[in-house]
Amino acid sequence: MPMSTRTLPAIIVKDAALLPGLIVNFTIIQKKVAKACEESLKGDGLVFVASQKEPSEKITKESLYEIGAISLIRQINKMPDKSFQVMLESKIRARIVSVDADGGFFVDVEEIPDNEESLDRIEKEAMLRHIRELFFELSNVKPGINSNSLKSLNTIEELGRTIDLILVNTPLPYAVRLECLEITDVRERYERAVTILNDEIQVARVRNDLNRKVKEKVNKNQRDYYLREEMDSIRKELGEDALSEEQEYRRELAELTASDEVKAKIEKEINRLSTLHDGGSEAQVERGYIETLLEMPWDKESEDRNDIIAAKEILDRDHFGLEKVKDRILEFLSVRTLTGKGGGPIICLIGPPGTGKTSIARSIADALNKQYVRVSLGGVRDEAEIRGHRRTYVGAMPGNIANGLRQAGVKNPLMLLDEIDKVSSDYKGDTSSALLEVLDSEQNKHFRDHYIGIPIDLSEVMFVATANSAGDIPRPLYDRMEIIEVSSYTENEKFHIGKDYLIKKQFEKNGLQPSKLTINDAALKKIISSYTREAGVRELERKIGEVCRKAARSILEGKERKIVVNGKNLSDYLGKEKYKKDTAAKKDQVGIARGLAWTPVGGDTLSIEVNIMPGKGVVELTGQMGDVMKESAMAGISYIRSVADKYKIDKDFFEKNDIHIHIPEGAVPKDGPSAGITMATAVLSAVTKIPVSGRIAMTGEITLRGRVLPVGGLKEKILAAKSAGIRRVLVPVENKPDIEDISEEIREGMDIIYVTSMKEVTALALVD
Ligand code: ADP
């Protein structure tokens, strides 16, 4: 196609590229340009629009982009400010050949028609359809594309024009438009346009996606907001002020001393609560949970007092005697202070009830200025009682360890694990292993309570355990604890405890002054000997309390102004004496021997009865007997058979007779081998018909050969013998050091005889 050069008025623009097909408005300020336009309008109305590269004073060919557009002037209007408004329609690409020397008001240009003839017909059609489809697709994902342009597209057959029209109708940056304007080759322009459209479609899609997400979020927030407002107004309507509850939780949360994780978790729960139906049971559960979490001490702690002198003063202030126990505790506290370990090893106080274990623990807490909480483990069988229930259970609760901590309100209290020997396990899990986790300093930094759900730090808790019997503590627990034994009190000790501590305590409790009431020494002694029989002083305290209450009433009723309780009038307050000094069964009897037993609640005497009757050599054992005791009985019988000759017992005696051994008294099972010599003595007496002395009690294990082996619990046993009014006690010789350890007061008046063999026992016990 021959290129024709023509001269046209030039409109120079900046930041605009007039792709063919574009219709635009320009404001023209320069009069000369406007004039040229008007001139042109008189003819064919064509002008040339060129884009300027850089703003410059003088327009030269070099300052303009080479390709511009020959455009048709549609309209020209003179504006009030003397400028001109021109409406142009870009028609065809043209190349600048030269610019006039007169400041670029006219240019010589040559048209560049699209070189579509070079394309294959099919190829062109394919390109045409493809580009249209892309544009339709774009119009679907991108808002703001003129729908008229879509319609007209279908009527245009030329590829070049189609592409230009599409580009004109696609919002594109100036640089891209300019680039497209400069692409004179149709195929090249097509390729560029395809890339541009594809990019635009992708961008539009991603944008739409982002838009949708943002919108959804905004919508949800808005929805929640409206719902909450509505809920609020319903609440107000119902006269409930429940929203303040959530605010209250948040306020408490803000004041909580806890790690960020814990706070975040609680916050999450509070948020959850706000989404729940207010009156529903789920909200109820959630509320309980949040409250529990808020009440836990987390990182809150109290300051310890590490003053050993003060600790000693407090222990002495609260407890009479117990020197060994106090010493052990003070040693323990000193080590704890020096090592600076918060929790440290665990003290376990073992002894009969009422001997002051709990109150020692309380004094330790006092001495260290620690919060004190008591967790009762007696009868705990279900692991969940220690570790809590999972919250999915109806009525789920935290375990008693977490609960204890909540009560304490600090993370470093003294926690008393009362009656640790009374935990047992059943099918619902292993309580002792749960406890082990509580007590194990390796694990308890992250103790998991099923209900709480967030690990609890128990490493700062000082645990003190109590137990009646060491034997009943699960072994792994026992191994982790530092055992301190607290033993029974003697009558004298009880007297001092009563006089110096319990009476004062009860006076205070009952609002009495010493000027109003006196319980004299004789009365106190009588309470101890005739109204109580126990290892500790709990019953004694109760009886003193009873006297105080009755006296208080008397005084208030105005019957008396000052009361003195003495040995004589004591029965007015406490009724008839409950215990008489045991004088019964001191007769010598055949087949009855008196043993001494240790039980978790103190010492006790036990009578062993044996009956012999014709039969087939059966040995029957009844009464309160444990397995070990049964074995002991069999060993005793074996021994007797081996010495049958000496006692002139018939050879076939044991084949022709049945032996029945029975331990009648006592509700507490007395297990242990220490009744061995007693049983053997009773059997031998029954077989030989030689009576056993009623004034003797004995304890000791027996071997098949009749040797007497040492046993435990001597202090309790001797005390039991003494309170039963028995003076003479047979004790294994190997227990001599234990006896010497017992206080002078207990041994006083007792005739303790050490024995090594059954021979010696029978020599002393059987009355020939
Ligand atoms: P436990 O825990 O061993 O069963 P408690 O600690 O409950 O016994 O003691 C029972 C009562 O006896 C408490 O009031 C306690 O203060 C008092 N008590 C026990 N031993 C002594 C003691 N040595 N000195 C003073 N009071 C004592």
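At roughly what angle do the axes of helix 8 and helix 9 cross? Select residues 260-275 (helix 8) and 281-295 (helix 9): the axes cross at roughly 155° and come within 10 Å. Helices here are DSSP runs of H or I with at least four residues, numbered from the N terminus, and axes are lines fitted to C-alpha atoms over the stretch in contact, with angles from 0 to 180 degrees between N-to-C directions. Helix 8 is therefore roughly antiparallel to helix 9 (the label for angles over 145 degrees).

Before going on, note that this is a predicted model, where local features need pLDDT of at least 70, side-chain atom pairs count only at pLDDT 80 or more, and totals for chains, interfaces and linings use all residues. Residues are numbered from 1 along each chain as its sequence is written, and side-chain values use heavy atoms, with hydrogens and water left out.

**Still on helices 8 and 9**

The crossing is left-handed, meaning the near helix is turned anticlockwise from the far one by less than a right angle (clockwise would be right-handed). Show the side chains in contact (heavy atoms within 4.5 Å): among them are Ile 266, Ile 270 and Leu 273 of helix 8, and Tyr 289, Ile 290 and Leu 293 of helix 9.

**Next, helices 5 and 6**

Pick residues 174-182 and 186-238; these axes come within 9 Å and cross at roughly 155°. So helix 5 is roughly antiparallel to helix 6, and their crossing is left-handed. Val 176, Glu 179 and Cys 180 of helix 5 touch Arg 189, Arg 192 and Ile 196 of helix 6. That contact has three nonpolar, no polar and three charged residues.

**Last stop, helices 18 and 19**

Jump to residues 521-531 and 538-556, where the two helices pack at about 125° with axes 10 Å apart. That angle makes helix 18 oblique to helix 19, and this crossing is right-handed. Leu 524, Ile 527, Ile 528 and Tyr 531 in helix 18 meet Leu 540, Lys 543, Ile 544 and Val 547 in helix 19. By class, you'll find seven nonpolar, no polar and one charged residues there.

Methods:
Angles under 35 degrees count as roughly parallel, over 145 as roughly antiparallel, 65 to 115 as roughly perpendicular and the rest as oblique. Ala, Val, Leu, Ile, Met, Phe, Trp, Tyr, Cys and Pro count as nonpolar, Asp, Glu, Lys and Arg as charged, and the others, Gly among them, as polar.
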